[in-house]
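Hello,

Here is the structure we talked about. My notes follow below it.

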Amino acid sequence: GAGGTQRLTRAVGKSLAMELILTGDRMDARRAEQRGLVSRVVATEDVVKEAVQVAEKIAKFSVPVIVAAKDGVNAAMETGLQDGIKYEKALFWSTFALDDRREGMAAFAEKRKPEFKDA
């Protein structure tokens, strides 16, 4: 009743979801990575180092744009394709009000690293 059958089916497809749900079998980390349920698998001792590296890479981008991108990906899990595309388009157009969008475009055109101000 918590949505597991719905979410798992969307994430891994009907066949695998059916197998896992009906058998109670578990999926190991490598298979979860292959099926796109996790972005990467790392050794336990490297988890924090890897997480910090990813966070540092994300932190180099504009916060409002990252928030919009994250919102778009999350919406994709909750909507149909057409509604998701409409939502993404609205998010995209909303970035045109941001100074960071202008800075990002200018930096790209000038072949330099952008200096985002989170505005």
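Is Asp99 buried, partly exposed or exposed? Asp99 has 45% relative accessibility, so it counts as partly exposed (buried is under 20% relative accessible area, exposed over 50%, partly exposed in between; 1.4 Å probe, protein chains only).

First, the ground rules. This is a predicted model, where local features need pLDDT of at least 70, side-chain atom pairs count only at pLDDT 80 or more, and totals for chains, interfaces and linings use all residues. Residues are numbered from 1 along each chain as its sequence is written, and side-chain values use heavy atoms, with hydrogens and water left out.

Salt bridges next. The whole structure has 5 (a side-chain nitrogen of Lys or Arg within 4 Å of a carboxyl oxygen of Asp or Glu). One of them joins Asp99 to Arg102, with the closest N and O atoms 2.6 Å apart. Arg102 is partly exposed, at 39%. Glu103, Glu110 and Arg112 form a salt-bridge network. Glu103 is buried, at 18% relative accessibility. Arg112 is partly exposed, at 32%.

Now the rings. There are 3 aromatic pairs (Phe, Tyr or Trp rings, the six-membered one for Trp, with centres within 6.5 Å; planes under 30 degrees apart are stacked, over 60 edge-to-face, the rest tilted). Phe92 and Phe96 have centres 5.2 Å apart and planes at 75°, so they are edge-to-face. Trp93 and Phe96 are at 5.0 Å and 35°, so that pair is tilted. Ring pairs link Phe92, Trp93 and Phe96 into a cluster. Trp93 is exposed, at 52%.

Best wishes
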